[in-house]
Amino acid sequence: MRVTNKDAAYIADLAKLKFSEEELNKMTNELDEILTYIDKLNELDTEQIEPLSHPIELQNVFRADVLLPSTPRELALKNAPEKTDSYFKSPKVLNQ
Amino acid sequence: MKNNQSCLNIVSAFKNKEASPTESVKNYLAEIDAQRELNAFNFVFSEAALHSAEAVERKIEKGTAGKLAGLVVAIKDVLSIEGKPLTCSSKILENFIPLYTATAVQKLIDEDAIIIGKTNCDEFAMGSSNENSAFGSVLNPVDHTRAPGGSSGGSAVAVAASLCDFSIGTDTGGSIRQPAAFCGVYGLKPTYSLVSRFGLTAFASSFDSIGPFGKYIDDVALALEVLAGHDPKDSTSFMSQPADYVNDLSARGEKLVIGIPDEYFSSGLQPEIKTEIEDVVSRLANAGYEIRCIKLPHTDYAIAAYYILTTAEASSNLARYDGVRFGYRGQDSRTVADMYKNTRSEGFGTEVKRRIMLGTYVLSSGYYDAYYKKAQKVRRLIKQDFEKAFGEVDIIITPTSPTTAFKLGEKTTDPLEMYLSDIFTISTNLAGIPGLNIPIGSDNQGLPIGMQLLASHFCESKLLQLGKFIEKNIL
């Protein structure tokens, strides 16, 4: 096994997801199966190959540093699940 | 009039007063209603579409109407339209109303297209069958027990079932071409960066492309002509002036050299698909096209590289769905950390979670080099395969999908098997080149067979020219 339940639980925590025990078992097996398949990449010798991060290899794109109008606060808050007059509202950030 | 006319003919009929956009919108609304069971649309904008039709009629009267005047268009529900819902077929975006319109959609509106609704798709465009949707599966209009393909299933069905004049989808690993093949319509994935991604919900940013579905090759050319072009709001978008795709169609292109890659005709390909494509290729040879056998030796590694890179990009892109600023928020959370987990666990569907998990895994400490960097290197090998091939040939012909439309539910229990069904479309996105599905026939069950044409970066005109020749003279 490449992936254990413990690994999957750790990854879930990083990804801010939670699973029931049954879901986690299933996810562990599926990840394991997919990663086993993915191992076929190791058949290739890529020692001398440069990684490709983007299909069209662009240079930096610059623009003039001009201030443009941005989204007004009331619009930015329009889709908020909870808000105050001028802020997004969330549960406590620091755990007491 | 209707339903068997090319978009260019429909636009000129409107201009000559032989038909009216309002009448056309009403016909399509009736048709959408009559074929509700297909579940192609997440939202239909009946009133807004009728208003737009009246506005377009006034412009036609004044002679100021645009290139797409009065054409009825359906948009995949991953593209943003100001004031209209944007869900990506996910619970996590229920009730989300965007503040701006995607550049691709705005360009259509600026040319007086009428947006009739948002189409169903796999959640966040992750899937190959349209079965991963919070709105439920879409049915293939040719056979209701079969998948329409995915992820842009609703957009393919909207064209195939005559619910609009043309539609817009997105393609990250085949999500335009494969549903086009399953439903028997044309579908074009443009070169990466030819169409601005501003306002497109990001899945895998170095792969995502926006493109059209149409009943005719001319429709796809017309739509591409409007969609293509640089956008200051997408710094990755192509800087140069795009080609004149519609005029290029009628230009008599030089005889293109066609390449046939061995690797795409091996075992696992449904025999009837192979026979139909061989038949088209031999007729092209008879028509004077030079046919060459070519090699794309790294094809077999494409899916593995793709699922590392796209899930890694997705796990970063989907981090924004945290329940703070927009979309669904998980209930009963004591702390903000709880809220993130509740929101994401309740809001995302299974396939999206699976991909976030895989992407997080391959990017996590200790695995980055073994998976992510390795896959980036393989991505270059695959791109180099194509560069070498396009040094010899203009167009590569392949099947679009190894099978015709599979049954709904057939692959949902095995994620890897579902991933493998994208074998012929995925390399294209790794390399960033354009691909076109052409419907070339049917199998013995009457299910559409798709053939894929590939060209080098920004050579859409060649794809469309050969597509036009095939549509006109071969099929």
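Mentor: In this predicted model, begin with who takes part: chain B brings 65 residues to the contact and chain A brings 54 residues.

Trainee: How much area do chain B and chain A bury between them?

Mentor: Buried area is what two parts lose in accessibility on being put together, summed over both. Here the figure is about 5600 Å², with 67% of it on carbon and sulfur atoms. On the side of chain B, B:Tyr301, B:Met357 and B:Arg380 supply 13% of the area buried against chain A, more than any other three residues.

Trainee: How many salt bridges and polar contacts cross the interface?

Mentor: The rule finds four salt bridges between chain B and chain A. In one such salt bridge, the side chain of A:Glu82 meets that of B:Arg329 at 3.0 Å, N to O. Polar contact joins 21 residue pairs across the interface.

Trainee: Which element gives the largest share of the side of chain B that touches chain A?

Mentor: That is helix 13 of chain B, with eleven residues. By class, this side of chain B has 32 nonpolar, 18 polar and 15 charged residues.

Trainee: And how many residues does the largest nonpolar core have?

Mentor: A nonpolar core is a set of buried nonpolar residues joined through side-chain atoms. The largest has 173 residues, and B:Phe386, B:Ile397 and B:Leu453 are among those with the most contacts inside it. Helix 10 of chain B gives the most to this core, ten residues. Another core, of five residues, lies apart from it and includes B:Phe182 and B:Met418.

Technical notes. Residues are numbered from 1 along each chain as its sequence is written. Chains are lettered from A and ligands numbered from 1 in the order in which they are written. This is a predicted model: local features need pLDDT of at least 70, side-chain atom pairs count only at pLDDT 80 or more; totals for chains, interfaces and linings use all residues. Side-chain values use heavy atoms; hydrogens and water are left out. Contact means heavy atoms within 4.5 Å. Buried area is the accessible area (1.4 Å probe) that two parts lose on being put together, summed over both. A polar contact is a pair of N or O atoms within 3.5 Å; within protein, one must be able to donate a hydrogen and the other to accept it, and residues adjacent in sequence count only if both atoms are side-chain atoms. Helices (H or I, at least four residues) and strands (E, at least two) are DSSP runs, numbered from the N terminus. Ala, Val, Leu, Ile, Met, Phe, Trp, Tyr, Cys and Pro count as nonpolar, Asp, Glu, Lys and Arg as charged, and the others, Gly among them, as polar. A nonpolar core is a set of buried Ala, Val, Leu, Ile, Met, Phe, Trp, Tyr and Cys residues joined through side-chain atoms within 4.5 Å. Buried means under 20% relative accessible area, exposed over 50%, partly exposed in between (1.4 Å probe, protein chains only).
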